Amino acid sequence: MKNLLLEKVEYKVERTYFGSWRTYVYETGARFAEFKSHDGILGLPLLHYAAGICPETGKRLVARGVIAVDRKAVGVIAVGQAAAGVLALGQLAIGAVALGQAAFAVAAVGQLAVATVFGLGQVATGYVAIGQFAFGYYTLAQFGFGEHVWSTRGADAAAVDFFKNLFCKVKSFFGG
């Protein structure tokens, strides 16, 4: 098999109203695809999607855009195995709001949710922490640690009041 890193790569390019597709199919049948929107903000495309190994570099690209989707993604909204953005969704998610297996953010939801304000997960931290193992100022957990804890070991009155009020507000927000 020839070394594509030493050759000029012939992509199939399709231009659409919204953006351009750049694709390449390897001899093995593996595929590389990338989409970038024509419009953007501050030099970032509105949408950047990438999948597969880039034949020019032999590596996976990092999607960078207002909305970024790839295994590695960075954007205002980032979706990928490793995602960083204002809203990050991925196995590893880092951002202001993060949802992922391991989420690090101001507000985080995940199996491991490390947050400054709100954490929800199997292991959670935050000012408000809810989880099986949780560490926070207000904590609701099977095994909880913090200033005001509602757990299997007991219920602090301030924690009970806080979480009952929180659940009532969430319920009324969703029309319940």
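Select Phe35 to begin: Phe35 is found in strand S3. Keep in mind throughout that this is a predicted model.

**Stop 1**

Is Phe35 buried or exposed? Its relative accessible area is 7%, and Phe35 counts as buried because the cut-off is under 20%. Next, draw a C-alpha to C-alpha distance from Phe35 to Arg64. The two are 11 Å apart in space and 29 residues apart in sequence.

**Stop 2: the hairpins**

Colour S3, residues 31-37, and then S2. Seven bridges join these strands, which run antiparallel. Pick out Val25 and look across to S3: Arg31 is the bridge partner of Val25. S2 and S3 form a hairpin, with five residues between them. Click on Gly29 in that turn. Gly29 has a positive phi of about 100°.

Move to the other hairpin of S2. Strand S1 covers residues 12-15 and pairs with S2 in the antiparallel sense, over four bridges. Three residues lie between S1 and S2 in this hairpin.

**Stop 3: Thr23**

Select Thr23, in strand S2 (residues 19-25). Which residue of S2 is the bridge partner of Lys12? That partner is Thr23. Thr23 counts as buried because its relative accessibility, 13%, is under 20%. Show its contacts next. Beyond residues up to four places away in sequence, Thr23 touches Tyr11, Lys12, Arg31, Phe32 and Ala33.

**Stop 4: the salt bridges**

How many salt bridges does the structure hold? The structure holds three. Side chains of opposite charge can pair when their charged atoms come close.

Start with Lys12 and Glu14. Their side chains meet in a salt bridge at 3.6 Å, N to O. Glu14 is partly exposed, with a relative accessible area of 39%.

Go on to Arg22 and Glu34. This salt bridge is 2.6 Å, N to O. The pair links distant parts of the chain: Arg22 is in strand S2 and Glu34 in strand S3, 12 residues apart. Arg22 counts as partly exposed, at 21% relative accessibility. Glu34 counts as buried, at 8%.

Glu56 lies in the loop between strand S6 (47-51) and S7, and Arg22 is in S2, so the pair ties together parts 34 residues apart in sequence. Glu56 is partly exposed, at 43% relative accessibility. Select Arg22, Glu34 and Glu56 together. Salt bridges that share partners join them into one network.

**Stop 5: the whole sheet**

Zoom out and show the strands as a cartoon. In what order do the eight strands of the open sheet stand? Trace S1-S2-S3-S6-S7-S8-S9-S10, with mixed pairing. The edge strands are S1 and strand S10 (154-155), and each pairs on one side only.

S9 and S10 pair in the antiparallel sense, over two bridges. Find Trp150; it stands opposite Ala155 in S10. Then bring in helix H1, residues 157-173. H1 packs on the sheet and touches S9 and S10. The direction of H1 makes about 135° with that of S9.

**Stop 6: the nonpolar cores**

The largest nonpolar core has 17 residues, among which Ala73, Ala98 and Ala108 touch the most other members. Strand S7 (62-69), strand S8 (72-79) and strand S9 (82-151) are the elements that give two or more residues to this core. Which element supplies the largest share? S9 does, with 13 residues.

Technical notes
Residues numbered from 1 in each chain as written. Predicted model: local features only at pLDDT ≥ 70, side-chain atom pairs only at ≥ 80, totals over all residues. Heavy atoms only, no water. Buried < 20%, exposed > 50% of the residue type's maximum accessible area, 1.4 Å probe, protein only. Contact = heavy atoms within 4.5 Å. Core = buried A, V, L, I, M, F, W, Y, C linked by side-chain atoms within 4.5 Å. Pairing = 2+ DSSP bridges. Axes fitted to C-alpha atoms, helices over the stretch in contact; angles between N-to-C directions. Salt bridge = Lys/Arg side-chain N within 4 Å of Asp/Glu carboxyl O.
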